[in-house]
2 protein chains.
Amino acid sequence: MNRIPIAEVEKTLAAVLRKLGFAPERANLCARLFAETTRDGVYTHGINRFPRFVETIRNGMVNPGAKPEATARFGAIERWDGQRGPGNLNALAAMDRALALARAHGVGCAAMANTNHWMRGGTYGWQAAEAGMIGICWTNTMPNLPPWGGAEPVFGNNPLVIAVPRAAGPVVLDMAMSQFSYGALESYRKRGEMLPVDGGWDAEGKLTRDPGAIEQSRRVLPVGYWKGSGLAMVLDMAAAMITLGRATHEIVADPLLETAVSQMFLAINPEAFGPAPRAAQIANEVVASVAGSPAAAHHASVRYPGEQTLRTRTENMKLGLPVEPEVWTQILAM
Amino acid sequence: MNRIPIAEVEKTLAAVLRKLGFAPERANLCARLFAETTRDGVYTHGINRFPRFVETIRNGMVNPGAKPEATARFGAIERWDGQRGPGNLNALAAMDRALALARAHGVGCAAMANTNHWMRGGTYGWQAAEAGMIGICWTNTMPNLPPWGGAEPVFGNNPLVIAVPRAAGPVVLDMAMSQFSYGALESYRKRGEMLPVDGGWDAEGKLTRDPGAIEQSRRVLPVGYWKGSGLAMVLDMAAAMITLGRATHEIVADPLLETAVSQMFLAINPEAFGPAPRAAQIANEVVASVAGSPAAAHHASVRYPGEQTLRTRTENMKLGLPVEPEVWTQILAM
């Protein structure tokens, strides 16, 4: 594993993006989002994901020059067309609108059709929390998750992000509706490890911890069995119905051809009614109540979303971003 | 199991509520909500729950005469104090405000502090969907769910409801953050059955399907392990921070003394920008894509939230509401 300073990572990725047709400022911003994703420890969707992102620009799924356009506005809600632009830039712009609407109305909603994979969903949760807002956003995806009782992947894993602001570090939940991503299954298999809990079904239809068996069956487990399956369905319906964009069943089931996804961005302003020092206290009190609770047998400590992020960020800023040598070589040759 | 016509159930429950101090109209509405919950097949939170509800009136946790009061309003968001009134009447009023705000602003939010258990959360999802709106609501609860890695129930199971309107029957997700409720564990144990999937930990800290072992350890499983644990936390934080009400760690961990919970009600109007026939089509298309997908081995069919509700409702309206004789005898004696 190489360690490369974040500034160098950003500069390198931005140069690639400019060659691919990004305007300089948009190249810088897009590069920064990828670098910050690795900086925060979400390695699957940061630098390691960049080569695949470049492929979707080259194959025409992502249009580097396309900017989102508002297609309808009413009160505290707006509908946007992502024009198949870069998913992370689009999502950042959409959450920005939701935040502005929440500042004006207390709660705001930006619904974006026709956009692309937003990469790390947590990015837009942090964006909301750093603006002092509660952020709720979700995206649909290509079909990659069997519904409860179903043999074939009809649902998307439709990540849901809920972020809560807190001065000492926000709490940011970023959860896909599959218990493990295909990337995680691959990692476990390559390390020769079993999953820590059941992750899907094998060819015989039995729940299993064997990552390879699940990769073959393509039957990953929805979070909470029937519950996550239902959650994936309503998130998909809500996103498609408000954006009037595509639902999962209309999206091509190929990571390189997945495009025109539908996304929802909601923001709620804890200071809508005026300064809310008590809300800030509540955030701290909840975190303290969890962090101070006793760990279970076989567990080192109680865990909560985003707990490790600031520590990982500090380490990666100090040592440089961890980059797999073969990925970095590939990027340098672009 | 007795079968009693819904009108008789409503009349009987309303008479009990009037004796306990409910005004006649509020007694009727509260009784109707309990009866409709049983009608729709959610037996744990309908008539069977009524005796426990009555206990919380008698012990002073629920104030029958208290009506919610708006404490702050700004644009599309309102903050309410539930005054510790009946949880189902309060929640119905709060969702009603969210719907009115969504009609006026496209999206609306009513945040209610100091309220009581809302009984069946799906009620307020159906309420939104029947008004043509997407409804999203959640409540915090007393501590009853261990956080991921934790030995003690620090989180609530904080039910989350997401409802999507559809003319032929809405899709209503109503999920608590525990894989099984204590009521479900008890039912399995009494029938001498194991759970269909892991439902918690035994005394040795091992995942188990044995309902009795989980009832003893008090370590029920969060939906999706670390994921549902995180979701429970952010829902609690968001509800307490916007309502300025209690977070789970401040709520008494006793079902009979649980009070002053915090709840969030959001509504999004698919017709905010004008008539949206396409949104209605999308709802039907998604349901069709799921309903038509092949079932897995060991499963009769693909399942989705609310799929059975209308069928159960029709049957129960025809045959009468199923009521356990001992529960009914108890209610008749009140």
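Which residue is the bridge partner of A:V164 in strand 7 of chain A? I looked this up first, and A:V171 is the partner. I note here that the model is predicted.

**Entry 1: confidence.** I checked the scores before going on. Chain A has a mean pLDDT of 96, and 100% of its residues reach 70 or more. For the complex, the predictor gives an ipTM of 0.98 and a pTM of 0.98.

**Entry 2: around strand 6.** I stayed with strand 6 of chain A. Five bridges join strand 6 to strand 7 of chain A, and the two run antiparallel. They form a hairpin with six residues between them. In that turn I found A:G169 with a positive phi of about 130°. On to strand 5 of chain A: four bridges join strand 5 to strand 6, again antiparallel. One pair here is A:C137 with A:V161 of strand 6.

Is strand 6 of chain A mostly covered or mostly open? It is mostly covered, with five of its five residues buried. I sorted the side chains by direction. A:L160, A:I162 and A:V164 point one way, while A:V161 and A:A163 point the other way. Residues on both sides are buried.

**Entry 3: the whole sheet.** I traced the strand order in chain A. Seven strands form an open sheet in the order 2-3-4-10-5-6-7, with mixed pairing. Strand 2 (69-74) and strand 7 (171-175) stand at the edges. Each has a single partner strand, so one side of each is left without a neighbour in the sheet. Neighbouring strands are turned by 10° against each other on average, direction ignored.

I then looked at strand 4 (residues 107-115) and strand 10 (residues 261-268) of chain A. Seven bridges join them, and they run antiparallel. A:C109 stands opposite A:L266 of strand 10.

**Entry 4: two helices on one sheet.** Which strands of chain A does helix 8 (residues 226-243) of chain A lie across? I listed strand 3, strand 4, strand 5 (134-139), strand 6 (160-164) and strand 10. This helix runs at about 90° to strand 10 of chain A. Helix 8 of chain B also lies on chain A, across strand 5, strand 6, strand 7 and strand 10. The chain B helix runs at about 135° to strand 7 of chain A.

**Entry 5: the contact between chains.** I turned to the interface. The contact takes 71 residues from chain B and 71 residues from chain A. On the chain B side, helix 8 gives the most, with 13 residues. The residues of that side divide into 48 nonpolar, 16 polar and seven charged.

How are the two copies related? I found that a rotation of 180° with 0.0 Å of shift along its axis superposes chain B on chain A, at an RMSD of 0.0 Å. The copies are thus related as by a two-fold rotation axis. In chain B, the C-alpha nearest the axis belongs to B:G224, 2.2 Å from it. Of the interface residues of chain B, 100% are also interface residues in chain A, so the copies meet through the same surface.

**Entry 6: two positive phi values.** Most residues other than glycine have a negative phi. I noted two exceptions in the loop between strand 3 and helix 4 of chain A. A:Q83 sits in this loop and has a positive phi of about 55°. A:R84 is in the loop too, with phi near 60°. A:Q83 counts as partly exposed because it has 17 C-beta neighbours inside 10 Å. A:R84 has 20 other C-beta atoms within 10 Å, so it is buried.

Key:
Residues are numbered from 1 along each chain as its sequence is written. Chains are lettered from A and ligands numbered from 1 in the order in which they are written. This is a predicted model: local features need pLDDT of at least 70, side-chain atom pairs count only at pLDDT 80 or more; totals for chains, interfaces and linings use all residues. A residue is buried if 20 or more other C-beta atoms lie within 10 Å of its own, exposed if 12 or fewer, and partly exposed in between; C-beta atoms are placed from the backbone. Two residues are in contact if their C-beta atoms, placed from the backbone, lie within 7 Å. Ala, Val, Leu, Ile, Met, Phe, Trp, Tyr, Cys and Pro count as nonpolar, Asp, Glu, Lys and Arg as charged, and the others, Gly among them, as polar. Copies are superposed by least squares on the C-alpha atoms of residues with pLDDT of at least 70 in both. pLDDT is the predictor's confidence in each residue, from 0 to 100. Two strands pair if DSSP finds at least two bridges between them. Axes are lines fitted to C-alpha atoms, for helices over the stretch in contact, and angles run from 0 to 180 degrees between N-to-C directions.
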